[in-house]
Amino acid sequence: MNIRCTSSILTFIALGIVFLSCKKDTVTGGPGNGGGNAAASHPNFVCQHQPGSASLNGQFVIFDLDHDANADKKYFIVSALPDGNEFSDSFQVLQLPRPIDSLATGWPAQIKTAAMGTTRTILTDAKNAVTSTAYDPWSYAPISTGTNLYRKLNDPQYAAGKAGQKPYGSNYFSPVYYPPPAYSPYNRIYREITYYFKDGVYTENIPGGGLKSLDTLFVGAGAINWRTVDQTVYIDFERTNNYTRYYRKYFYFDWTNWKYYAVTETEQRVDYLSYSPVYYIRWDVKQYSLDHFCKWPAGWGKK
């Protein structure tokens, strides 16, 4: 399913400005170690922060679910550090760690990993999810088979050889454009990407689309070791003086190797005789240790 970039992105950016207006902190230190002891909490899931009907631009929720007891399953919230009118690749802790059942009671204790989702809608695999609305307990149940979500993850026409297999993320991504010798316009129609990182492939939620290598997702994608990535999240931002104006920054997390990638959309231009310039999207890729991501709360660190 393709969608066109709309002015709704501006709403997300406005929300981001409201929630990110706090004072910029200096990112220092590495993973928290609880006073010199081995870290007790290890991040194994991250998602967009969506406590209500809409995600809060620039805010992510980081979970440690890999414990038998719910009292040991924890989460905390981070917020992107402003960088002028945009965002840096580092974050500040907005809410310190709390037990998972403080977000909603009754998390199914057997669920120790997750696939993808948002704060209160967390898929555990291609067919099931743990969900909660505000003040309601967690509910573990199958995804409705009549939804687009179920179709794109389970119908072989859309999910190809990954039908029914655990996804690791889903978001929208700009198309790849290579300027040809003769004039050709750039049509920025977003692709709906579902990631299968461990196999290095993705799908686009279109019938007969098949599986595609993640090395072809964007120009420069080969710089990422996709098979070690665990989850992805993103931030929308605006450059008012650019032709393109609306952009997205993606983050890809590798918990095992304690690193992450920041992939930022940029604008490029090609000129043709007798035609207006064509502006199109390219991507900048940066890699960091997760020590750079935020000042990790005490007791949190690499497994």
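**Exercise 1. How many disulfides does the count come to?**

Before we start, note that this is a predicted model in which local features need pLDDT of at least 70 and side-chain atom pairs count only at pLDDT 80 or more, while totals for chains, interfaces and linings use all residues. Residues are numbered from 1 along each chain as its sequence is written, and side-chain values use heavy atoms, leaving out hydrogens and water.

*Solution.* Step one: take the rule, a pair of cysteine sulfur atoms within 2.5 Å. Step two: apply it, and the count is zero disulfides. Step three: look at two cysteines. Cys-47 counts as buried (under 20% relative accessible area, with exposed over 50% and partly exposed in between, 1.4 Å probe, protein chains only). Its relative accessibility is 1%, and Cys-294 is buried at 0%.

**Exercise 2. Work out which side chains of strand β10 are buried**.

*Solution.* Start with residues 170-173, which make up β10; strands are DSSP runs of E, at least two residues, numbered from the N terminus. Next, find the partner: β10 pairs antiparallel with β11 (residues 189-196) over four bridges, where pairing takes at least two DSSP bridges. Opposite Tyr-172 stands Glu-192 of β11.

**Exercise 3. Trace the open sheet that contains β15**.

*Solution.* Read the order first: β14-β15-β16-β17, four strands with antiparallel pairing. At the edges lie β14 (231-238) and β17 (278-289), each pairing on one side only. Inside, β15 (residues 246-254) and β16 (residues 259-270) pair over six bridges, and Tyr-250 has Val-263 in β16 as its bridge partner.
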